[in-house]
Amino acid sequence: LEYLSEDKSPNNATFQFLLPVRQKAEFAASAAESTALMSGDATLVPLTLKNTGTQEARNLKVRIRPLFPFSTDGTVRYVDSLAAGGQATLAYLINTDTDASDGRQLLSLVVDFEDPQGKKFTGTADFPLLAKSKTIADQLMGLWYVIVVAVAAGAFIIYKKMGKKEQLIKQ
């Protein structure tokens, strides 16, 4: 610390604070940047859970806490242990509401875990997922079976009409 004394002469002083830093597991979650969830679809999404803390986490129970426009079936994933700096990939089936607007939307992973001494803790890790509205082409591709039936019916009708013309020509 630099300061001026009462006689206006410059001085400095040094202070030392000892703060105990507790070893603890902390978490970060992420999905691949290319992951985009289409409105109205259910998508299996791999998520990476990373222990960004300074201590190992054991007996992890990981569940997703979705916010609108996302929902899940509430499935819990289990990880035996996750060392400090370690990561695990967990997959969740995420449903996207049909009214989802385009853009990144926030979700959270809730992690119940134990430290190496067996004390129980809960941590969270927020992450964004990209929601996209379906285009007209996407909606039509969802109806591919209707298009196939319509084309087959059209081909059948044309075939029948061609057969009748040939019969008229032969007569």
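# A tour of the predicted model

Start with the whole chain in cartoon view. Read along the sequence, its elements follow the pattern β-β-β-β-β-β-β-β-β-β-β-α-α. The radius of gyration of the chain is 30 Å, well over the 16 Å that the globule rule gives for 171 residues, so the chain is more spread out than a compact globule. In total there are 11 strands and two helices. Along the principal axes, the C-alpha atoms fill a box of roughly 125 × 50 × 25 Å.

The average over the chain is 87, and 90% of the residues score at least 70. Select residues 76-82, strand β8: among the elements of the chain, β8 has the highest mean pLDDT, 97. Then select residues 136-141, helix α1, which has the lowest, 68.

**Stop 1: the four-stranded sheet**

Select β3, β5, β9 and β7. These four strands form an open sheet in the order β3-β5-β9-β7, with antiparallel pairing. Its edge strands are β3, residues 27-31, and β7, residues 70-71, each of which pairs on one side only.

Now keep β5 (residues 42-51) and β9 (residues 87-96) on screen. Nine bridges join these two antiparallel strands.

**Stop 2: strands β10 and β11**

Select residues 103-114 for β10 and residues 120-132 for β11. The two strands pair in the antiparallel sense over 12 bridges. Within this pairing, S108 stands opposite D126 in β11.

Move to the turn of this hairpin, where five residues lie between the strands. Here G118 takes a positive phi near 95 degrees.

The bridge partner of M38 in β11 is K132.

Next select G123, another residue of β11. Is G123 buried or exposed? Its relative accessibility is 16%, so G123 counts as buried, the cut-off being under 20%. Leaving out residues up to four places away in sequence, G123 touches L109, V110, V111 and F113. For a sense of distance, draw a line from the C-alpha atom of G123 to that of P10: the two are 113 residues apart along the chain and separated by 48 Å.

**Stop 3: the nonpolar core**

Show side chains for F27, L49, L60, I94, L109 and L129. These are the residues with the most contacts inside the largest nonpolar core, which has 28 residues. Strands β3, β5, β6 (57-65), β8, β9, β10 and β11 each supply at least two residues of this core. In soluble globular proteins, nonpolar side chains tend to be buried together.

Centre the view on I94. Which residues does I94 touch, not counting residues up to four places away in sequence? They are L37, D41, A42, T43, V45, I64, F70, S71, T72, L107 and L129.

Two totals for the chain belong with this view. Buried residues make up 25% of the 171 residues. Of the contacts with a separation of 6 or more, 66% are between residues 24 or more positions apart.

**Stop 4: backbone exceptions**

Most residues other than glycine have a negative phi, and most peptide bonds are trans.

Begin with K8, in the loop between β1 (2-4) and β2 (10-12). Its phi is positive, near 70 degrees, and K8 is not a glycine. K8 is exposed, with a relative accessible area of 65%.

Then go to N59 in strand β6. N59 has a positive phi of about 50 degrees although it is not a glycine. With 42% relative accessibility, N59 counts as partly exposed.

Finish at P69, in the loop between β6 and β7. The peptide bond from F68 to P69 is cis, with omega near 15 degrees.

**Last view: the surface**

Notes
Residues numbered from 1 in each chain as written. Predicted model: local features only at pLDDT ≥ 70, side-chain atom pairs only at ≥ 80, totals over all residues. Heavy atoms only, no water. Pairing = 2+ DSSP bridges. pLDDT = per-residue confidence, 0-100. Rg over C-alpha atoms; globule rule 2.2 N^0.38 Å. Buried < 20%, exposed > 50% of the residue type's maximum accessible area, 1.4 Å probe, protein only. Contact = heavy atoms within 4.5 Å. Core = buried A, V, L, I, M, F, W, Y, C linked by side-chain atoms within 4.5 Å.
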